[in-house]
Amino acid sequence: MNPELPSSIPVLIAGGGPVGLTLSALLAREGIAHLVIEADESYCTGSRAICISRRSQEILGWVGADAPLVAKGLSWTGGRSHWRDTEVLHFEMPAEPSQRFAPMVNIQQFHVEAFAHQAAQAQGDASRVLWASSVVAVRPQTDGVQVEVDTPQGRQTVQAGFVVACDGGRSTVREQLGLQLEGTQYDGKYVIVDVVQKTQRPVERLAWFDPPSNPGSTILMHRQPDDVWRIDYQIRDDEDPVEAVKPENVLPRVRSHLAMIGENAPWEPLWISIYNAKCLTLPGYRHGRVFFAGDAAHLVPIFGVRGLNSGLDDAANLAWKLARVLRGESPDALLDSYSAERVHATRENIAYGAKSTEFMAPPNFAYQLMREATLRLAVSDEQVRSLINPRQSSPITYLGSPLNAAQGGEWTDDRARPGAPAPEALLRGHGAASWHLSGRFGHGFVCLAFGGAGPDLSDAGVTVLEIPPDIDTLGQAWRRYGLRRPDEPALVLVRPDGYVMGRWHGLDPAHLRAALKDTGVFA
């Protein structure tokens, strides 16, 4: 049963998909009361976005949703691409035994929604979801946003301090504000099919270009939990999309391909949809007290799995900033950095996604010709094979962010420069089990103190984590954070979303305190 609609709420989230529900869990973790409005009666159907990156697993871990996701999902580290029936690429993503999470986990989107929602509910009563309800009108005001909602009990009005639009590619909130996405939409279309079939194949990303089973097409396959195959195949430009998704046209193509690769166990279809690649974004994600996240803010191609993963990063970036502003800990201007950072990230993702799309769904004959030449050469030339690599999603460094503090001195590694995601490291406890550094992020500011006793920053709300050489036995932390030796004194400030804000040689916190003030983080 839906909860009674409140007359006012600090935050209203339009859209209860994976981005909206993850944002809900993050806000609940911060103790911020909010309301989620979702048009569907429950979680989505069909596989939809299925590849969850390591960074997204970390984000879900901040609210305790990582354990069920990893337990249910299928982890993988690489994949294979074929031209016709010849393998032309076998790639492996960066991975090591000491890492906390696999590079990717395959899992149906409805599981992600369920785990995020359950995590929000576990935080207490700050989170409320109104199912089978839709935002129909949005009226921005100086001190908030008036929102009209159609519910099973009729149309009601709620006054929100802030609205976050997570209502997808056809965003009602975006339409209400008269905003339009900008960029490129590609013509190439892919049919998406979920089928149930038992298999013994390893969990990999599988791709075929011009396979004998479906000449002229491109086919992608991913294993999912519960013996489900996710199959994406490209249709011809002259095929009618309405006809293309009818079972009588889909099932013969699936049957032909499964037979070609030797998957002969009985199977049945679960879900069919269609997709075409888009590289679109709003120019800005903040409009007064209304914010945009996920597909409501940007649409990026599925190739490279940057869609949902970038949406979860939107949620991670925005949640802590909203919480600090609502608690009076930071000025309203902090929220401007959300748009600056995430628009930059989207433009990076679109640049990578466009390259992948031009290979996976060539937009014209010239691109088609170049792709075929590359695939032909890749059969015998290993140096060409890297051009086929699908360039999977990775976290974006916020170059030029207004929150980046200037770093002084020389550092040996750029992986921990200001604006970069804080590097992972496996550390040893004193007589206790090993632990991952990323597990300490996501719950406020953290200061990593190397080479000595860390300063007392409790008055600034910063947790100090000392990393002496005897717990950094693998040398991962001091090397990845750019130090010259294990005992070199240094401070690294990590934001609540796991990004490096600044780093300084020595243990004097004066520069760190100045950074918190000068960047506008503190009110």
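Student: Which residue is the bridge partner of Val193 in E15?

Tutor: The partner of Val193 is Ile231, which belongs to E15. Please keep in mind from the start that this is a predicted model.

Student: Which strand is joined to E15 by six bridges?

Tutor: That is strand E14, residues 218-224, which runs antiparallel to E15. Within this pair, Arg223 stands opposite Trp229 of E15. The two strands form a hairpin with three residues between them, and in the turn Asp226 has a positive phi of about 65°.

Student: How do you know that strand E15 is mostly covered?

Tutor: A residue is called buried when its relative accessible area is under 20%, and in E15, which comprises residues 228-234, seven of the seven residues are buried. In a regular strand the side chains alternate between the two faces of the sheet. Here Val228, Arg230, Asp232 and Gln234 lie on one side, while Trp229, Ile231 and Tyr233 lie on the other, and both faces are covered.

Student: In which sheet does E15 lie, and what is the order of the strands?

Tutor: E15 belongs to an open sheet of eight strands with mixed pairing, whose order is E6-E5-E13-E14-E15-E12-E16-E19. Strand E6 (86-92) and strand E19 (298-299) stand at the edges, because each has a single partner strand and one side of each is therefore left without a neighbour in the sheet. For E6, strand E5 (residues 78-83) pairs with it in the antiparallel sense over six bridges, and Gly78 stands opposite Glu92 of E6.

Student: What do E9 and E10 form, and how many residues are between them?

Tutor: E9 and E10 form a hairpin with two residues between them. Strand E9 covers residues 134-141 and strand E10 covers residues 144-151, and they pair in the antiparallel sense over seven bridges. One of the bridges links Ser134 to its partner Asp150 in E10.

Student: What makes the span of helix H4 close to the expected one?

Tutor: H4, residues 109-122, has 14 residues and reaches 20 Å from its first C-alpha to its last, and the expected value at 1.5 Å a residue is also 20 Å. Just after H4, Gly124 takes a positive phi of about 120°.

Student: Why is H4 called mostly covered?

Tutor: Ten of its 14 residues are buried, among them His111, Val112, Phe115 and Ala119. The buried residues of H4 pack against helix H1 (18-29), strand E3 (51-53), helix H2 (54-61), helix H3 (66-72) and strand E8 (127-130).

Student: Is Ser256 buried, partly exposed or exposed?

Tutor: Ser256, which lies in helix H7 (residues 247-260), has a relative accessible area of 29%. Buried would require under 20% and exposed over 50%, so Ser256 is partly exposed. Ser256 and His82 are 174 residues apart in sequence, while the distance between their C-alpha atoms is 16 Å.

Student: How many disulfides does the structure hold, and how far is the sulfur of Cys51 from the closest cysteine sulfur?

Tutor: The structure holds zero disulfides. A disulfide requires two cysteine sulfur atoms within 2.5 Å, whereas the sulfur of Cys51 is 14 Å from the closest cysteine sulfur, that of Cys44, and so it is too far for a bond. Cys51 counts as buried because its relative accessibility is 5%, and Cys447 is buried with a relative accessible area of 0%.

Student: What makes the chain as compact as a globular protein of its length?

Tutor: The secondary structure of the chain comes to 13 helices and 25 strands. The radius of gyration is 24 Å, and the globule rule gives 24 Å for 523 residues, so the chain is as compact as a globular protein of that length. Along its principal axes the C-alpha trace spans about 65 × 60 × 45 Å, and 56% of the 523 residues count as buried.

Note on methods:
Residues are numbered from 1 along each chain as its sequence is written. This is a predicted model: local features need pLDDT of at least 70, side-chain atom pairs count only at pLDDT 80 or more; totals for chains, interfaces and linings use all residues. Side-chain values use heavy atoms; hydrogens and water are left out. Buried means under 20% relative accessible area, exposed over 50%, partly exposed in between (1.4 Å probe, protein chains only). Helices (H or I, at least four residues) and strands (E, at least two) are DSSP runs, numbered from the N terminus. Two strands pair if DSSP finds at least two bridges between them. The radius of gyration is taken over C-alpha atoms; the globule rule is 2.2 Å times the number of residues to the power 0.38. The expected span of a helix is 1.5 Å times one less than its number of residues. Contact means heavy atoms within 4.5 Å.
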